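Me: I would like to go through the labels attached to this model and see what each one rests on. Please set the values against the cut-offs.

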Amino acid sequence: MSTSEDKPDELAGTEQPFVAHLVELRDRLIRAVIAILICFGILMVWPGSGALYDLLAAPLVSHLPKGATLIATNVISPILVPLKITLMSGFLVALPYVLYQTWAFVAPGLYTHEKRLVLPLVVSSTILFFIGVAFCYFLVLPAMAQFIQNFAPTSITAAPDIEQYFGFVLTLFLVFGLAFEVPIVVIVLARLGVVSIERLKGFRGYFIVLAFIIAAVVTPPDVISQLALAIPMCILYEVGIWASVLFIRHTKAPEEKPEEKTTS
């Protein structure tokens, strides 16, 4: 006679009623919203909504003709737009805490090897998004503003509307923030087994073409911003392939123990 000894489930006994999950989800959402509002309130006091907008507009204003400024074509735009920027800034400041609440909600239902998979991805994706936004603000926006001013006819006085500029910059921040998530997408696809490492390497040439097509579609029609988006995407794709090899190696599920047979 032979018997097999099954490996115990580490999540056994941790199940909670569905209502308890809803209550916990509500509580964590409330905490996340409160954190965003607290950051919003602090930023309203210091440095203030006006100072935040001046900071956001600095890359463009510094390249406008002498004496030119941004304009407001809507009556409440001088108040509404800075408030929107402050709220967006509050969300970005509170984002690590918001992601922590998300992690704390899902972590109890994950196995140890799954936690080793999710937590690094949450942290690295947040960091990469902030790097993408910073890359856009410090490098892309000033270069693009200078490029546009150099090609603008002298008979045109540049005076962008603040609402249009806010929407334009917010779109660029989102585009570059998501573009810098390329390594995360590559790692997830490889780790889940959707695409093998060899297939990812073989797709390298097609991705380069795809990156330039995406850059041409989502960025303004100037060479600076298109190259500034396409080239980092290609580099990050290579980083994602390299990181996938290490990530898969360190997040494998524990192998099942061989069945122990006993005879009687």
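This is a predicted model: local features need pLDDT of at least 70, side-chain atom pairs count only at pLDDT 80 or more; totals for chains, interfaces and linings use all residues.

Reply: The structure holds 6 aromatic pairs.

Me: Why is the pair of Tyr 137 and Phe 138 called edge-to-face?

Reply: A pair of aromatic rings is described by the distance of the centres and the angle of the planes. The ring centres of Tyr 137 and Phe 138 are 4.9 Å apart, and a pair needs centres within 6.5 Å. Their planes stand at 90°, and an angle over 60 degrees counts as edge-to-face. The pair is therefore edge-to-face.

Me: Are these two residues buried or exposed, and how do you know that?

Reply: Tyr 137 has a relative accessibility of 15%; the cut-off for buried is under 20%, so Tyr 137 counts as buried. Phe 138 has a relative accessible area of 59%; exposed means over 50%, so Phe 138 is exposed.

Me: What makes Phe 203 and Tyr 206 a stacked pair?

Reply: Their ring centres are 5.8 Å apart, against a limit of 6.5 Å. The planes are at 25°, and planes under 30 degrees apart count as stacked, so this pair is stacked. Phe 203, at 36%, is partly exposed, while Tyr 206, at 60%, is exposed.

Me: Which residues form one aromatic cluster?

Reply: The cluster is formed by Phe 135, Phe 176 and Phe 180.

Me: What makes up the nonpolar surface patch of about 790 Å²?

Reply: The patch is made by Ile 208, Phe 212, Val 223, Leu 227, Ile 231, Ile 235, Val 239, Trp 242 and Leu 246. Helix 8 (204-218) and helix 9 (223-250) are the elements that give two or more residues to it. Helix 9 supplies the largest share, 7 residues.

Me: Why is Phe 212 called partly exposed?

Reply: Phe 212, which is in helix 8, has a relative accessibility of 37%.

Me: How do you know whether Ala 215 is buried or exposed?

Reply: Ala 215 is also placed in helix 8. Its relative accessibility is 0%, and buried means under 20%, so Ala 215 counts as buried. Leaving aside neighbours within four places in sequence, Ala 215 is in contact with Gln 226, Leu 229 and Ala 230. The C-alpha atoms of Ala 215 and Ala 228 are separated by 8.5 Å, with the two residues 13 apart along the chain.

Me: Where is the cis peptide bond, and what is its omega?

Reply: The cis bond joins Trp 46 and Pro 47, with omega about 5°. Pro 47 lies in the loop between helix 1 and helix 2 (49-61).

Key. Residues are numbered from 1 along each chain as its sequence is written. Side-chain values use heavy atoms; hydrogens and water are left out. Buried means under 20% relative accessible area, exposed over 50%, partly exposed in between (1.4 Å probe, protein chains only). Patches are made of residues with over 30% relative accessible area and no salt bridge: like charges are joined within 9 Å, nonpolar side chains (Val, Leu, Ile, Met, Phe, Trp, Tyr) within 5 Å. Accessible areas come from the Shrake-Rupley method with a 1.4 Å probe; for residues, only the protein chains shown count as cover. A salt bridge is a side-chain nitrogen of Lys or Arg within 4 Å of a carboxyl oxygen of Asp or Glu. Helices (H or I, at least four residues) and strands (E, at least two) are DSSP runs, numbered from the N terminus. Contact means heavy atoms within 4.5 Å.
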